[in-house]
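Dear colleague,

Please find the structure below, followed by notes on what turned up in it.

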Amino acid sequence: MFTTIKNSLPMSVWYMLISALGFALMAACVKEVSGLGIPVLEIVAARAIVSGIISYADIKRKKISIWGHNKILLIARGTVGSFALMFVYYAVTTLPLAEATVLQYLHPVFTAVLALFFLKEVIQRSTIACIVISLIGLFIIIQPNLQLDSHVHYPWLSIGAGVLGAFGSAVAYIIIKKLTKTDDSSVIIFYFPLVALPISMIMLGSDFVVPSLAATGLLILIGIFTQVGQVGLTKALNSADASKATAYSYVQVLFSVFIGWAYFSEVPVLTTIIGGSFIMVGALVNVLWKR
């Protein structure tokens, strides 16, 4: 049965599922290490160091130039991605894992709209259906947290950071999609830490905290899981339309709900369960709906 399902799904879907799991594990590590007193900007810098080392080794293995061809877009991808990451990490460290991930996953909607204008991609009906169903699920999850009379309230700054992180991620995905036509995926990935490291270190300034052994291990895991997510994402965008490929990334919400429950004891409320179910249905519609 598993072989049948595997053979029925395009490789872009599998790449995006792997990417979603990698990013979910990364977010969990970010939340955990922030509890050990490590600032967000230091987490970004540590992630950049680990990702940079892995990416550089991969480029050398392929025996290609580390500088790439479209340098302007490569630098733009690194810059946009750096600030988007800061917003995302801030949301992850100040909100429950599931809610932070849900806010981040507004980006497929932004991606589909931006791809329509900047990549001239036609949004397929299956992708539209996926986005609509998933947004319904997204609203169901978020809605209780935004009601004034609800007992659950989160800082508006954190919510805004999550939305800005989602928009920045969508812009980065559009740039990545353009870059896949001119540059190798390893070079595209390498430019993110190349730009993120100096930006985060300059902004961090004197707030650097010497990490403990446990924090160091978590920071390394953040870099590793990030690499898994980035490779899966880049390969998915290289083999499918940007709006269609990123629509599958909604499944990261379900991964994060499970991790939040199993590790952080963040028991999902009924609305989170219902909303997550809508998101999974949306992803399945996008997979099974024939063109």
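In these notes, buried means under 20% relative accessible area, exposed means over 50%, and partly exposed lies in between (1.4 Å probe, protein chains only). The model is predicted, so to speak of local features a pLDDT of at least 70 is needed, side-chain atom pairs count only at pLDDT 80 or more, and totals for chains, interfaces and linings use all residues. Numbering runs from 1 along each chain as its sequence is written, and side-chain values use heavy atoms, with hydrogens and water left out.

Aromatic pairs

The whole structure holds four aromatic pairs. Rings of Phe, Tyr and Trp (its six-membered ring) count as a pair if their centres lie within 6.5 Å; planes under 30 degrees apart are stacked, over 60 edge-to-face, and the rest tilted. One of the pairs is F110 with F167, edge-to-face at 5.5 Å centre to centre and 85 degrees between the planes. F110 belongs to helix α6 (residues 107-119) and F167 to helix α8 (residues 156-179), so this pair ties together parts that are 57 residues apart in sequence. Helices are DSSP runs (H or I, at least four residues), numbered from the N terminus. Y263 is exposed, at 52% relative accessible area.

After α6 comes K120, with a positive phi near 60 degrees.

Nonpolar patch

I128, V132, I136, L270, I273, I274 and F278 make a nonpolar surface patch of about 600 Å². Patch residues have over 30% relative accessible area and no salt bridge; nonpolar side chains (Val, Leu, Ile, Met, Phe, Trp, Tyr) are joined within 5 Å, and like charges within 9 Å. A salt bridge is a side-chain nitrogen of Lys or Arg within 4 Å of a carboxyl oxygen of Asp or Glu. Areas come from the Shrake-Rupley method with a 1.4 Å probe; for residues, only the protein chains shown count as cover. Two or more residues come from each of α7 (125-146) and α13 (270-288), and α13 gives the most, with four. V132 sits in α7 and is partly exposed at 45%.

S185

S185 is in helix α9 (residues 185-204) and is buried, at 18% relative accessible area. Beyond its neighbours within four places in sequence, S185 is in contact (heavy atoms within 4.5 Å) with K62, T234 and K235.

Regards
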